[in-house]
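User: Could you take a close look at one helix packing with me? I would enjoy a connected walk through it.

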Amino acid sequence: MKKQIIVSGAQPTGNLHLGNYLGAVKNWVELQNSGKYEMYIFIADLHSLTGNQAPEKRRQQIMHTAAELLATGIDPKKTTLFIQSDVTEHTDLAWIFNCVTPVSELYRMTQFKDKSERQEKNINTGLLTYPVLQAADILLYHGNTVPVGQDQVQHVELTRDVAKWFNNKFSTDFFEEPKALLTDVPKVMSLLEPSKKMSKSLGEGHVIELSDEPEVILKKLKRAVTATEGGDGAPGVKNLLLLLQHFADKKIYNDFVKAEKDGTIRYGDLKNVLAESISNYFADFRKRRAKLLNDGFDELAEILITGAEKARPVAKETMEKVRELVGIR
Ligand code: ADP
Ligand code: TRP
């Protein structure tokens, strides 16, 4: 039987944080190691062009994101790991998809509305058509399953529509509709504003990066909002307990949940234990990341080039067929 195809990506806009990890990346590694899927994971550098990152920073962050994905356990022997812009068919297919996608559907996208508010001086066309490129990323490889966090579900839904619009317009069943795959933690919240999702764009104190040193993790957690600090308390505690559930021993987690119910919980203790648990959990990650980056970018670049070479023939085959279907060859 043909394996299910998994496609997903991460933007090189910053270091991976606990939201990326619990919402998506941890799942990628588990799906990869199950051996049940054909996996394509890429660094979405073209998507990152819709933001305000400087070119030098972007160039460096692409390599850092690659190193971090490898350090979490993405194995280039099992997963086709590549840089999106190395396979130019992504933009070729995105253009064709632009021409079947009603612009009104793009204006509805929550992320477009959010990002337009956050970067009001840079509401570029790419920001609007961003989900169309994402549809191309997925459908280029005939992805069936798209493991992502909650914030990306709307884009995967749009991808399903794009597949339908294309198939209807060109009287074909060439594209299958993919499904989003969520983890049991589809949305990790910010430490400082637990009503918002943990995101790099909120600022440093809001996120814990996988590469944060133990003392940084503790410092950030000490400032995290809990029930005793301000009106927005309970969701903050819930978020910290959720992190504890994933990074500490079950017994420790159960004890804190019980203490929270009894009203005997001490948030200082919770933060100390959580900081230690997260630090320990990512100790090997930090070592592997440092090693990959200390070795310079040559080895990383080679892995990514090999990945693009594996992705390209698949992408080319899809584009050949699409050209034929739409009548441009
Ligand atoms: P960000 O959303 O921080 O800019 P990316 O765009 O690189 O990060 O997202 C990579 C993956 O991580 C996506 O699948 C996204 O849905 C997921 N993700 C990002 N933030 C969170 C979060 N706070 N909770 C759960 N998943 C998240
Ligand atoms: N837009 C996604 C994000 O910000 C990244 C991404 C780009 C992606 N293309 C994709 C995710 C295709 C899944 C499938 O997180």
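How are α3 and α13 oriented to each other, parallel or oblique?

Analyst: Happy to! This is a predicted model, where local features need pLDDT of at least 70, side-chain atom pairs count only at pLDDT 80 or more, and totals for chains, interfaces and linings use all residues. Residues are numbered from 1 along each chain as its sequence is written, chains are lettered from A and ligands numbered from 1 in the order in which they are written, and side-chain values use heavy atoms, leaving out hydrogens and water.

Helices here are DSSP runs (H or I, at least four residues), numbered from the N terminus. Helix α3 spans residues 55–72 and helix α13 residues 283–294; their axes are 9 Å apart and meet at an angle of about 135°. Axes are lines fitted to C-alpha atoms over the stretch in contact, with angles running from 0 to 180 degrees between N-to-C directions. Under 35 degrees counts as roughly parallel, over 145 as roughly antiparallel, 65 to 115 as roughly perpendicular and the rest as oblique, so α3 and α13 are oblique to each other.

On the α3 side, the contact (heavy atoms within 4.5 Å) is made by M63, H64, A67, E68, L70, A71 and T72, and on the α13 side by F285, R288, R289, L292 and L293. By class, the residues of this contact comprise seven nonpolar, two polar and three charged. Ala, Val, Leu, Ile, Met, Phe, Trp, Tyr, Cys and Pro count as nonpolar, Asp, Glu, Lys and Arg as charged, and the others, Gly among them, as polar.

Terms used:
Helix = DSSP H or I, 4+ residues; strand = E, 2+ residues; numbered from the N terminus.
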